[in-house]
Amino acid sequence: MPMDVARTPQVVEPDLSTAKPPSRIVRWLGMTAHLGLLLAVLVMVVFLVLRHGPRVDLTSEGLYSLTGATRQLLERLDDRLRIEVYLSRDEELGANVREARRTFRFVLDEFAQRGRGKVTVRYFDPQADEDVRQRAERLGIKPQVVRDLQGTTLSQKEIWQGVRLLYGGTKQKVLPYLGFDPRTAAYEEVLTRAIQAVSLRERTRVGVVAWLSPPPPSDQLVQREAREGPQGYARLFETEEIADRYEVVPLDLSEGQSVPADLDTVVLIRPRALTDRQKFVLDQFLMRGGKLAVFADTADIALGRRRSMEVQEASWDAKDSTVKFLDQLDHYGIDVSDDVVFDLLSEGLPFVVTTAAPPGTPVPTLQLRLEYPYWFQPSRGNWADQAESFARREDGRVDPQLAESYREVLKPGLSESVKDVFLPPVMFWPCSVELAEGLGPDVGGEVLMRTSPRAARHDPAYHRDLRPVRLGDFDEREYLQFQQRTVSFLRGERETARQYGLMAEVHGQLRSYFANRPVPRKPGDEPAATGAGTPRDPLAEPVGADPLEAEPLGPTPGEAGAATPATPPEPVLVRADAKSARLVVIGDCDMLRDDLVSGEYQQLGGPVSMLGRLFFLNLLDWLAGNAELMSLRARAFVDRTQRYVDATEIADKPPRQQEEARRGAMFVVRLWNVLLPPVLLLCAWAAIAAVRSARKRLFLRSLEDASRASGAEG
Amino acid sequence: MREALIVMRRELRSYFCSPLAYVFGSAFLLLQLYVSTVLFGVISDGARADMTAFFRLLPLVYIVFLPALSMRSWAEERKSGTLELLLTFPARASSLICGKFVATVAFVALLLCFTLPLPLTLDAHADLDWQPVIGGYLASLLLASAYLAVGMFFSSMTRDQLVAMLTSFFTLAILVVPATSWGGLVLESAGLPADAVRLLAWISPFAYFESISRGVLDLGDVVYYAAFCGFFLYLNALVLRARRQNG
């Protein structure tokens, strides 16, 4: 039988008319699966982009991005840096701090990326692994205990957020607990500082000479209260940030010995009763190219525990000195005045007093914030931008010529060259510091910090007691009298807006102050009767490697005539050579005092030294040329304070009237902002309704006209 | 595209001609500006010029007002019978949805423009950083888009505007409240499992609003809002398609 010829298979079409449609359940299941898949894909995409997508920081200060300084530091690392992060799970955190945790992870990721393989970040959860927990505890990393409400049960929860940095396998630094802050800048500063400390080969040595502040007066009210000792500056040097990077070497100049050769930077805090020999030593330090910072303060304000303020006489120079320290500074190019400066316009610390509340008030006491213009923080803004407001006359009109001159004369509170370096600290009873006239040919300098144009100065003795109100109950009249005494200095200058310098620096080839003066001897060094066995001055034979080249001056033994008894060689003087020195003078030292830095008066309402420590650290970095952290610290604080009332217009009014003036101005502004937009919206609606109504009338009229016309034709 | 533009113009015209939109808009502005400037102290002598408090309040004020704005988008059409007519037009459902969505978002953008006097006032009396403010307005618009997408979806599900408004309101409240600092605590103390609260907080539009409102533009946040709006608008399209097929 022959094989069947292969035939084209016939396609049998399904009979759709009889096919059963998928059931509703099947359709729903299909739809659900479809949506579930879509959702899963979307979640994945969002998760991936969140984890790895770019972030753009829109803030002008760059609060949420790493600075160039940090990036440079990471690129310069020459050994491996391992960052161990001990974190609780993100799910354990409250919603209000999750953003901060995200920022923290972002900063760490950025550090790892910028480290170019040298920086590795590893995360550990101490709560998930007992070994990890024990290791963290051995390192000193501690959790913070927070309260957690689960249903009706209140329990305690541990939140871990500590870091260990290990550099090169040998050096480590531990940050036991980092708080929550949504700003990148906050984490960056802490981590960058820690990386710098751990990767530093050696700390920079800084010599410090500090004179104690005067002992406080005994407060009248509490007779039993013993006089406390004078205040020092120990708290300043205990600061971890300073200790990490600088080795502070206390210098003793009392014996008149020279500054050790390995010290390039010396800081004087509140110099008092300087002998001629000490001035000479400082002079020679500058001549060998040293950097000298002087926290000068003309007025000695003895601050009592209850905030009594007694103005005491202060003297820069020892009783038997023949040269004046202020003249010496003037010779180098810095003019320090014997005065106390106050400022009515710069941001100030108030003097807070607690007083009995008026009858009928629900609280027994009230806190009043009194304007106290002797504690102020120089502004970073440019006062020239407000030239017109200072040129306004009594009748309210602006004097254009005066405004123009103010635009040229007025300067920023902080000089452009250091605007990104320093955060201006709050200054307490500062003295004025300006550039002297006629700087040397190879000497440059500038005033770095200034008051506002509404400042004045007076002799320290003008106010015997600088306290705005006496101890005891608050007396408003007494405060007004204090204001009158203070503002009366300003009245004479109301026609002229004038700024006073608070910090100045000179640099270059400074000339020795003792070039044409007899060189002072060390204490106890008397000229011998004969030339034999004459003790030589240690400056000629310095201890250790002294790079100075000594050139003897004065008569050498044997040169004089036979009748003249042989005298030992004069102490040698090093003339100004090619080395460039730097001298910076700050007109306040109280900002560094232990009692103000540690906040001893905080319970009473102040004063507290804000940013004094930070300013000191920035100054050391600036003098040592360590630029990495300066811009990092300075960047976060831009003055964006709202001001609705001109402070000078209400400066001489009582505190309650000042408060009322502020409230009145704010009320008007708030009223405009709350009512104007909805009123504008309703007006827009009314206008649109009117236009529509007019169009409708026109249309109806045209219809009527058309029907009349067609009726007439018909 | 052309159909979407036509629908958008029609919707905008109806907003501008409807007194209800103006009343709601005025109430929204009054509440938002009063609470932020007076109670939260955005305008305060001596304080830092910062719009963060203003933007932080917006998600909660939106929950009250935006469902009212979106409730009429489909429910009114269904009730008045114009939806069937609309669906017979040779226009894709996506065009219809896009047109309505963009029109509503545009109206909200216009309302936000009426709040501009506030940052202008701050700038006149302080040195305001404008870039985070622009970021905040962008975040507000993205958040409003997300809320409106939810509102439009529920509006397409019912013919009753009130039901649409209430379902959107409660849905948004469930999504937003767990992500706030106080909301999570309240829910957990009320007995809701902590994992559920955390999950809700993770998917909440509020959680992705915070960083942009502060001035950090994260691509992930923008993608989140695009995905969120896209998902609910897609659901909206499915509902309309089903109506068309049934219809």
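Predicted model: local features only at pLDDT ≥ 70, side-chain atom pairs only at ≥ 80, totals over all residues.
How many residues does helix α3 of chain B have, and how far does the helix reach from its first C-alpha to its last?

1. Helix α3 (residues 52–70) of chain B has 19 residues and spans 26 Å between its first and last C-alpha, close to the 27 Å expected at 1.5 Å a residue. Do look at Y62(B), though: α3(B) bends there by about 45 degrees. The helix is also mostly covered, with 15 of its 19 residues buried.

2. Beyond its neighbours within four places in sequence, Y62(B) is in contact with F28(B), P67(B), V108(B), L112(B), S140(B), L143(B), A144(B) and Y147(B).

3. Y62(B) also belongs to the largest nonpolar core, which has 85 residues; together with F54(B) and Y225(B), Y62(B) is among those with the most contacts inside this core. Helix α8 (residues 130–157) of chain B gives the most to the core, contributing 14 residues. Apart from this core lies another, of 58 residues, including V353(A), Y372(A), F376(A) and V426(A). As background, nonpolar side chains in soluble globular proteins tend to be buried together.

4. Now for the rings: the count over all chains comes to 36 aromatic pairs. One of them joins F351(A) and Y372(A) in a tilted arrangement, at 5.9 Å centre to centre and with 50 degrees between the planes. F351(A) lies in strand β17 (residues 351–356) of chain A and Y372(A) in the loop between β18 (365–370) and β19 (375–377), so this pair ties together parts that are 21 residues apart in sequence. Both partners are buried: F351(A) has a relative accessible area of 0%, and Y372(A) has 2%.

5. Y15(B) and F107(B) make a stacked pair, 5.1 Å centre to centre, with 15 degrees between the planes. Because Y15(B) lies in helix α1 (residues 2–17) of chain B and F107(B) in helix α6 (residues 93–113) of chain B, the pair ties together parts that are 92 residues apart in sequence. Y15(B) and F107(B) are both buried.

6. If you like ring networks, chain B has one to display: F153(B), F154(B), Y208(B), Y224(B), Y225(B), F228(B), F231(B) and F232(B) are linked into a cluster by ring pairs. Y225(B) is also one of the residues with the most contacts inside the largest nonpolar core.

7. R135(A) lies over the face of F124(A), 4.7 Å from the ring centre. The charged end of R272(A) sits over the ring of W316(A), at 5.3 Å from its centre.

Methods
Residues numbered from 1 in each chain as written. Chains lettered and ligands numbered in written order. Heavy atoms only, no water. Core = buried A, V, L, I, M, F, W, Y, C linked by side-chain atoms within 4.5 Å. Buried < 20%, exposed > 50% of the residue type's maximum accessible area, 1.4 Å probe, protein only. Helix = DSSP H or I, 4+ residues; strand = E, 2+ residues; numbered from the N terminus. Contact = heavy atoms within 4.5 Å. Expected span 1.5 Å × (residues − 1). Bend = angle between axes of the 7 residues up to and from the residue. Phe/Tyr/Trp six-rings, centres within 6.5 Å; stacked < 30°, edge-to-face > 60°. Lys NZ or Arg CZ within 6 Å of the ring centre and 35° of its normal.
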